[in-house]
Every structure is written in structure tokens, then in C-alpha cells.
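Have a look at the sequence and the fold, then read on.

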Amino acid sequence: MKFSATLDNGTIYEDTFYSIGGGFVVKEERVHAKENIQVFKTFPHPINSGVALLEHCNKGNKSISDIVLENELSLRTAEQVDTDLKAVWDTMLECMHIGCHTQGTLPGGLNVRRRAFDMHEKLKGDLSYNSPEEWLQTIRKTEVKFRQILKWVSCFALSVNEVNASLGRVVTAPTNGSAGVIPAVLMYYMVIENHNANFSHIKKFLLVAGEIGSLFKKGATISAAMGGCQAEIGVSSAMAAGALTELLGGTPEQVLMAAEIAMEHHLGLTCDPIGGLVQVPCIERNSMGAIKAINAAELALDTDPANVKVPIDKVINTMWETAKDMNSKYKETSTGGLAVGVFLSDC
């Protein structure tokens, strides 16, 4: 998109901007590019790959969240970091709460019925609460057999993306269409794995997830328009898997192994939304991505990193090569796959 402005003296100013997917817009003349490179060089731990990340961890005998936090503190104060991360989590929690307490049909013409509300009603029973935080505490009191856990995780993920599909506010992580995976997995940890979890756990989770997402952004893409849904649900699942692994006591090597496992089993996933809406199959894919993330974390925790065959950098490169080979009709264009196999009239 080109913007032109003509001043009273006849001088014309023009700038051209490009949407490159994943919520990013860049200026044709990237005047801040050199500045951003210089900022990167000032990080105490400049990271462009999984190998580099592990080198920093091993050199200082630190966790991935420690390394990421030190980089963040080179840009802002500890108070600012905590405030911003808390705002992210509060928004995620509120979003899940809204999604689980809103019923009806999603706008857009597909007539998709919201499912999170019905699932939530069956799962919570008669327990009462008055706020999102009380809601979290209430869920900790519910039954947690395997099937209930699956349903809770799916409910959390569906709720976020139903809010997204109805023009609500979500945390882009890494994109709006894949925004349900990370909140669902973090909520799983909060209400199922660790009832004593607090902000310190949330902070570590978000720091690790963000760094893994950054690795994919630098080495490949987080845009379905460029790489298909593997670049969105696949990346979000990898982010959540790695972050959960650190909270469950995994080593940095196991954290990156979990991220690799999650992405490995999303490779080639196409983006083919019916009617161009981020509803079908997008909403369900978030629940599947969240479940895969939890499974990937458990597999990584029970595996010796010395036996890893596919390092994270290899899977990132493979994802990018797959993205470049993928036919454009499977890249958010709605001109292939389910988008042409199912018609609005069918709905």
C-alpha cells in the first residue's frame, strides 16, 4: 500500500508499506533496519539459532528463561518486564474466561456454533466464582481424569479462538489464528499440573515460548500466508511444548527437543480456511496443537537429548523449505484444500 501526501508548497512525500504476514508490516525503505541490527548486537546473549541458545545456556549453566530474561533486561527494567508479561497473561486468562462463558453462533456466514460454552458447562458442574482468577481456582477443584484433561485443554484452546473469530481481543501468539495453543497449555499447567503455580511460572513459560517463536521467525516464518498453517499452529505448538518442558523440570536440551517434536508433527500443514474465515478448520486446530504440545513435552522429558536425531535448527530449516515448496493455494488464499472442498452453501 502506497501513501502519498502533498504539502501546500507542492512537495510530495510517498512511502510504500508491505504486509508480510503474521501481523507484520514493513516499510519499503527500512530506515530502522541498521538500528535494529545494532540493538541485537548489544544483547548479552545474541541468539539466531537453537545451537547458539544452547551455547549460552551451557556456558553460564542457565535455563532458557534465564537467558531470555537477561536479554530483555538489556532493553527495559525488571518492573517493565513483569508488568508487560502480567498484562499478556491477564489478557489470555480473560480471553479464555470470555470464550467459555459466551454462547451462540460465530459471525461470518458459516453458522459455526460456539463449542467452548457447552463443553465448559459440562466440565465445571455446579461450582461458582465471580472473576477470571476465581474461575482458575475453581477449575482446580474439578475432576481430572484423562478424558476430562483432554476436554479442559480443548475447551481453553477453543474458547480463545472463538473470541478471535468473533472480533474479540486475543494475544497474538504467534498469530491471531493460532492464539489458543499457548494459553491452553499454560492454563493446563496452572490448573492440572501445579495448583501452586504463580506469576513466576507464568513468566518463565512466556519467556521460553517467546524465544522459541523468535527462532522460527528468524529461521523460517510464522505467517500462514508464507508457510501454510505449519507456520502458525505448528510454531505455536512448538512454543508451548518447549515452555511447558522447562516448567516441568526439563533441561534446555529437552526444551528444544520438545519444540522440535511438536513442529515435526505439523510439517506440511496447509492453511485452507473455508470462506476465508479463521474458523474452520482453524479453531479446532488450536486444540489439536495444544494437545500435541503437551504430548511433545512428555516425550522430551523421557528422552535422553544425546539420542536426538533431529535438532531444532534442522526442523526449522525443513519447515522453511516445505513452506517454499508448498503450492500457493495452500497458503491462506482459500483457493485449495477444505476451502474449496466445502462451500458456504453447505453450511
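## Starting with Arg285

Is Arg285 buried or exposed? At 15% relative accessibility, Arg285 counts as buried. Buried here means under 20% relative accessible area, exposed means over 50%, and partly exposed is in between (1.4 Å probe, protein chains only).

A quick word on the ground rules. This is a predicted model, where local features need pLDDT of at least 70 and side-chain atom pairs count only at pLDDT 80 or more, while totals for chains, interfaces and linings use all residues. Residues are numbered from 1 along each chain as its sequence is written, and side-chain values use heavy atoms, with hydrogens and water left out.

## Salt bridges

Side chains of opposite charge can pair when their charged atoms come close. A salt bridge here is a side-chain nitrogen of Lys or Arg within 4 Å of a carboxyl oxygen of Asp or Glu, and the count comes to 10. One of them joins Arg285 to Asp272, at 3.4 Å from N to O. This pair ties together distant parts of the chain, 13 residues apart: Arg285 is in helix α13 (residues 282-301), and Asp272 is in the loop between α12 (252-264) and α13. Helices (H or I, at least four residues) and strands (E, at least two) are DSSP runs, numbered from the N terminus. Asp272 is buried too, with 5% relative accessibility.

Glu72 and Arg76 make another salt bridge, with their closest N and O atoms 2.3 Å apart. Glu72 is partly exposed at 25%, and Arg76 is partly exposed at 30%. Then there's Lys145 with Glu143, where the closest N and O atoms are 3.5 Å apart. Lys145 is exposed at 53%, whereas Glu143 is partly exposed at 45%.

## Cysteines without a bond

A disulfide is a covalent bond between the sulfur atoms of two cysteines. The cut-off used here is a pair of cysteine sulfur atoms within 2.5 Å, and a search of the whole structure turns up zero disulfides.

Cys282 is in no disulfide either, as the nearest cysteine sulfur, that of Cys271, is 6.0 Å away. Cys100 is buried at 0%, and Cys282 is buried at 12%.

## How α8 packs

Helix α8 (residues 181-193) and α13 have axes that come within 8 Å and cross at roughly 55°. Axes are lines fitted to C-alpha atoms, for helices over the stretch in contact, and angles run from 0 to 180 degrees between N-to-C directions. Angles under 35 degrees count as roughly parallel, over 145 as roughly antiparallel, 65 to 115 as roughly perpendicular and the rest as oblique, so α8 and α13 are oblique to each other. Among the residues that meet are Val181 and Tyr188 in α8, and Gly289 and Ile294 in α13.

α8 also packs with helix α9 (residues 199-219), at an angle of about 150° and with the axes 11 Å apart. These two helices are therefore roughly antiparallel. Here the meeting residues include Ile182 and Leu186 in α8, and Phe205 and Leu206 in α9.

## A stop at Thr16

Thr16 sits in strand β2 (residues 12-21) and is buried, at 14% relative accessibility. Leaving aside neighbours within four places in sequence, Thr16 is in contact (heavy atoms within 4.5 Å) with Met1, Lys2, Val26, Lys27 and Glu28.
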